[in-house]
Amino acid sequence: MLKTTTQRAKRRILNKTILYQKPCKQCWETFRPTRSNSQKYCSVECRTKVQKKQVEQWKEKHKENGGSSTYYKLRFEIFKRDGFTCQYCGRTPEDGIKLQIDHVRPKKHGGKYIPENLITSCLECNCGKSDILLDAEQEKRFIRAYSGHSVK
Ligand SMILES: [Zn+2]
Ligand SMILES: [Zn+2]
C-alpha cells in the first residue's frame with residue numbers, strides 16, 4: 001500500500017520534472033509539453049502540417065518510382081533477374097542478408113530507376129556503397145551485364 005503511494009508520488013514528481021521546454025519541430029517556438037516529452041510539436045496545427053508534408057513527400061517519392069505497385073513489381077523483377085543474390089558480395093537471403101535494390105549509378109548522380117541501372121544488393125553493400133560513384137569500368141560491368149536482359 002505504502003509502496004504504491006510512494007510510486008505514484010514519485011511518478012508525479014517525475015512527470016513534473018521531466019516535462020521540460022523544448023523547441024517545436026515544426027515552427028521552432030519553445031513550448032512545454034502538456035502530456036509527455038515525446039510530444040514534438042507545440043500545437044495540433046503544427047502536427048497536422050508535418051503529417052501533411054510527410055504524405056506529400058511519400059506521394060512524391062512514389063510518383064518518381066512510377067506508383068507503388070509498379071515500384072514493388074519492378075523491385076521483385078530485379079531480385080528475380082539477379083537470382084535473389086547480392087550482386088556485389090554474392091550472398092543470398094540464406095546467408096542471413098536482406099535484399100535491397102541499389103542504383104548502380106546513384107540517383108544523386110542522375111541514375112534512373114530503370115532495370116538497367118538497378119541491381120540486387122544486400123543492406124551492408126548498399127549502405128557501404130551509398131552515393132559513391134563507381135568508376136566507368138565498374139559501372140559498365142554492372143550496367144552492361146544486364147543490357148539485352150531487360151525486365152518487362
Ligand atoms: Zn509549432
Ligand atoms: Zn552484399
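Hi everyone, let's start with Trp28, which counts as exposed because it has 10 C-beta neighbours inside 10 Å.

A quick word on what we're looking at. This is a predicted model, where local features need pLDDT of at least 70 and side-chain atom pairs count only at pLDDT 80 or more, while totals for chains, interfaces and linings use all residues. Residues are numbered from 1 along each chain as its sequence is written, and chains are lettered from A and ligands numbered from 1 in the order in which they are written.

Back to Trp28: it sits in the loop between β1 (22–23) and β2 (30–31). Its phi is positive, about 65°, although it is not a glycine. Most residues other than glycine have a negative phi.

Where do we find Phe84? Phe84 lies in the loop between α3 (68–81) and β3 (99–103). Phe84 isn't a glycine either, and its phi is positive at about 50°. With 14 C-beta neighbours inside 10 Å, Phe84 counts as partly exposed.

Now the whole chain. The protein has 5 helices and 4 strands, which are DSSP runs numbered from the N terminus (helices H or I, at least four residues; strands E, at least two). Along the sequence, they come in the order α-β-β-α-α-β-β-α-α.

Of the protein's 152 residues, 9% count as buried. Finally, contacts, meaning C-beta atoms placed from the backbone and within 7 Å: among those with a separation of 6 or more, 47% join residues 24 or more positions apart.

Technical notes:
Buried ≥ 20, exposed ≤ 12 C-beta atoms within 10 Å, placed from the backbone. Contact = placed C-beta atoms within 7 Å.
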